[in-house]
Amino acid sequence: MSDTSLMPMLPVRDVVVFPYMILPLFVGRESSIKAVEDAISGNRMIFLAAQKEITDEFPAPDRIYDVGTIATIVRMKKLADGRVKILIQGVNKGRITSFEQKEPYYKVSVTPIEEGKSEINAMELDALMRNVKEQLEKLISMGKMLSPDLILVLEEIKDPGKFADIIAANMGLKIIEAQEVLEIADPVKRLYKVNDYVLREVEILNIQVKINNLAKDEITKSQKEYYLKEQMKAIKSELGEFDSKMDDTSDLRQRLMEIEMPNEVKEEAMKQLERLERMHPDSSESAVLRTYLDWVVDVPWSKKTEDNMNLKRAKQILDEDHYDLEEVKERIVEYLAVGKLNKKIKGPILCFIGAPGVGKTSLGKSIARALGRQFVRISLGGVKDEAEIRGHRRTYVGAMPGKIIQGLKLAGTCNPVFVLDEIDKLGADFKGDPSSALLEVLDPEQNFSFRDHYLNVPYDLSNVLFIATANFMDTIPPALKDRMEIIQLAGYTAEEKIKIAQIHLVPKQKKENGLENVNLKFSDKVILKIITEYTREAGVRNLERNIGKVFRKIAKIIADGKTISKSISSGMIEKHLGCPPFKQEEKNQKDEIGVCTGLAWTQFGGEILMVEVASSKGSGLKLTGNLGEVMKESAMTALSYVKTMAAHYGIDEDYFQNHEIHVHFPQGAIPKDGPSAGVTIATAIISYITGRPVSRDIAMTGEISLTGKVLQIGGLKEKALAAMRACIKTIIVPAENKKELINIPKEYRKKLNFVFVGKVEEAIQAALLPAKKVEHLDSYRHPRKPLKAVA
């Protein structure tokens with residue numbers, strides 16, 4: 001900007017604008033408004049020069065200072081009273097060389113003023129700049145109304161001219177003093193001049209402090225506050241800020257006074273509100289503080305809903321919404337019973353663990369309805385940043401509270417039912433571990449003073465009823481697991497799914513698909529067909545989806561004006577849902593050698609697992625079927641056990657030197673892992689080598705040791721249900737699992753025969769039938785001699 005430029009000029013009355021300065025201006029004179037509009041329609045550049053006399057309504061050219069600032073108009077807003085509010089940013093100093101136009105507004109030729117050069121020692125300059133900063137810090141400590149960010153901004157500035165301009169712009173100097181600083185071209189001389197003004201201000205404040213101390217006893221605190229507030233109102237009214245900002249801050253103050261909150265929180269909020277009242281409404285920090293105070297006001301500190309203590313009604317609501325799940329319902333009724341006797345009860349922290357679709361999240365909604373509380377849910381799946389839980393500190397751009405405080409604001413009460421979904425799928429990276437942040441949230445001994453980084457004040461979470469949900473227990477960190485009351489939700493049997501469908505799913509899908517008034521009936525047989533042939537799950541999510549699909553097809557037929565049968569048949573199911581993707585799990589059709597039925601526990605519930613054994617020339621062990629490391633180790637342990645006990649089972653030791661044992665798990669595309677197939681593999685190997693078939697009516701599960709012990713397994717209920725679905729009547733399980741029979745419903749225990757074993761020999765004895773003649777095995781059966789070859 002070295003050439004002379006023609007631009008509109010705006011005479012300003014009460015301020016000298018410096019380069020780098022951003023400030024709002026209120027423009028009321030008609031000529032000045034036209035100058036602004038001309039600049040806006042062009043390149044937004046305008047020249048700002050101070051008037052020599054503030055009282056001049058239409059200053060002549062000789063009543064305007066020649067030196068001013070070339071500025072850019074950042075934003076313009078027309079006010080209701082006819083004035084215009086603009087936000088400008090100073091760019092460079094300039095000097096008026098001539099007035100090219102005087103009507104209807106000034107247009108001037110401006111030559112930019114280049115910064116002068118000064119010969120000064122670097123150490124002397126550094127000392128001068130440090131001295132000015134120290135005096136500014138002293139001014140702020142003495143109560144001078146300066147921006148708290150000024151010192152931080154000056155720390156980054158090394159140019160003495162820019163350093164002096166920023167201080168002069170923030171000092172509140174008189175017009176003639178500020179103009180004098182603006183017109184000094186030498187940056188060091190300008191800084192010395194600013195230093196003189198800063199030192200003078202320090203002296204004035206020192207005298208003012210002495211006067212205030214003398215008059216301290218004569219003015220009461222209330223009189224002083226009243227005087228200062230009235231003075232502040234008058235100043236802000238003159239600046240045109242009173243109507244909007246004062247109304248906002250007054251509203252905030254009134255709301256803060258009305259809300260019941262802890263004293264520590266109220267003190268912090270009032271402190272920040274006073275800071276907000278002292279700030280300019282267009283400053284960035286003002287917006288940050290306003291947002292913070294809005295959060296403080298909106299968060300429910302003491303507002304809570306009254307718990308419904310009618311135990312019978314609560315149990316009735318839980319029964320209406322969910323079939324079975326007696327353990328969970330009993331736990332909620334217990335909580336209400338204790339709350340009825342003890343008013344200061346803390347909210348329990350429950351964790352529902354089960355396969356997808358078994359009703360974990362919807363159970364949380366039912367609990368909220370039964371208690372008469374608000375319900376809020378957040379998903380923790382994939383959350384990797386600790387700040388998602390504890391919030392961001394207010395120093396960051398776009399900072400906001402964590403998911404816990406956000407959820408409470410959404411609920412509107414301090415005692416909602418708060419569901420933490422997918423807690424087993426939390427992540428962690430360099431930003432922190434959110435599971436560690438949850439330790440404070442889910443600890444009843446600590447969460448009464450939970451501190452969100454954004455609010456930075458304690459919040460009492462002890463009234464919240466937290467419910468976490470997960471599919472797997474293994475991926476939940478041990479410390480987090482220790483803080484929660486674990487409740488396992490097993491998969492549903494076919495009979496339970498039929499009842500759930502008839503009571504809940506069919507009516508719901510009829511309503512959603514506009515068939516509420518159409519007389520359609522789903523028989524139990526048809527629902528069972530969907531369950532066994534179109535779904536493979538522990539829950540009822542896909543069952544509901546398929547029922548909905550059938551109703552949509554029917555809705556289309558009715559919409560076309562066609563008639564339809566009132567009773568839905570199996571043939572209609574295949575027509576609407578297509579070819580069944582699954583076939584019902586079935587046991588073996590005959591007793592086979594080397595084929596044994598195992599029981600597995602997956603995220604979808606229990607399943608039967610076939611184990612097949614064969615051998616070929618060679619030695620060692622071959623495993624196929626997409627097995628995990630743990631299952632491979634189980635197979636190796638099983639083979640080592642069989643080798644150790646070869647003589648006991650009548651197997652020649654040479655058999656293993658001349659034969660490679662091949663263990664295969666069908667459905668090789670499906671990954672399989674876990675230790676509980678050990679006893680099944682051992683039984684299949686012994687069956688194959690000895691030629692004794694395994695009973696098709698028996699399934700088994702259990703981890704084994706090298707000494708032949710059958711160790712405890714998990715998921716007994718799910719595995720037992722899988723056996724029932726496959727029409728298997730007897731299951732062999734570890735003796736250590738006998739205590740878990742109480743968790744299996746009585747009607748299912750009657751249909752199953754549980755054989756509890758502590759040793760592999762007991763499982764072999766129960767599962768294997770008498771030997772059949774198999775030629776390729778006879779030569780290796782101990783103590784028989786090899787058979788002669790037959791031509």
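Where in the chain does Pro104 lie? Pro104 lies in the loop between β5 (84-101) and β6 (107-112), where helices (H or I, at least four residues) and strands (E, at least two) are DSSP runs numbered from the N terminus. The structure is a predicted model, in which local features need pLDDT of at least 70 and side-chain atom pairs count only at pLDDT 80 or more, whereas totals for chains, interfaces and linings use all residues. Residues are numbered from 1 along each chain as its sequence is written, and side-chain values use heavy atoms, with hydrogens and water left out.

**Backbone features**

- A cis peptide bond, with omega of about 0°, joins Glu103 and Pro104.
- Most residues other than glycine have a negative phi, and most peptide bonds are trans.
- Tyr20, which is not a glycine, has a positive phi of about 75°; Tyr20 is found in the loop between β1 and β2 (22-27) and is partly exposed, with a relative accessible area of 41%. Here buried means under 20% relative accessible area, exposed means over 50%, and partly exposed lies in between (1.4 Å probe, protein chains only).
- Asn626, also not a glycine, has a positive phi of about 60°; Asn626 is found in the loop between β18 (621-624) and α22 (629-644) and counts as partly exposed at 38% relative accessibility.

**Strand β3 and its partners**

- Strand β3 (residues 45-50) is mostly covered, with six of its six residues buried; Met45, Phe47 and Ala49 point one way from β3, while Ile46, Leu48 and Ala50 point the other way.
- Strand β1 (residues 5-12) pairs with β3 in the parallel sense over four bridges, and Met9 stands opposite Phe47 in β3; two strands pair if DSSP finds at least two bridges between them.
- Strand β4 (residues 67-78) pairs with β3 in the antiparallel sense over four bridges, and Thr72 in β4 is the bridge partner of Met45.

**Buried helix and loop positions**

- Helix α4 (residues 160-170) is mostly covered, with eight of its eleven residues buried, including Phe163, Ile166 and Ile167; just after α4, Gly172 takes a positive phi of about 75°.
- Val299, in the loop between α10 (284-298) and α11 (311-321), is buried, with a relative accessible area of 2%.

**Aromatic rings**

- A search of the whole structure finds eight aromatic pairs, where rings of Phe, Tyr and Trp (its six-membered ring) pair if their centres lie within 6.5 Å, and planes under 30 degrees apart count as stacked, over 60 as edge-to-face and the rest as tilted.
- The rings of Phe522 and Phe551 have their centres 5.4 Å apart and their planes at 85°, so the pair is edge-to-face. This pair links distant parts of the chain, with Phe522 in strand β14 (residues 521-522) and Phe551 in helix α20 (residues 541-559), 29 residues apart; Phe522 and Phe551 are both buried.
- The charged end of Arg394 sits over the ring of Tyr292, 3.9 Å from its centre, and the charged end of Lys52 sits over the ring of Tyr65, 5.7 Å from its centre; a charge sits over a ring if NZ of Lys or CZ of Arg is within 6 Å of the ring centre and within 35 degrees of the ring normal.
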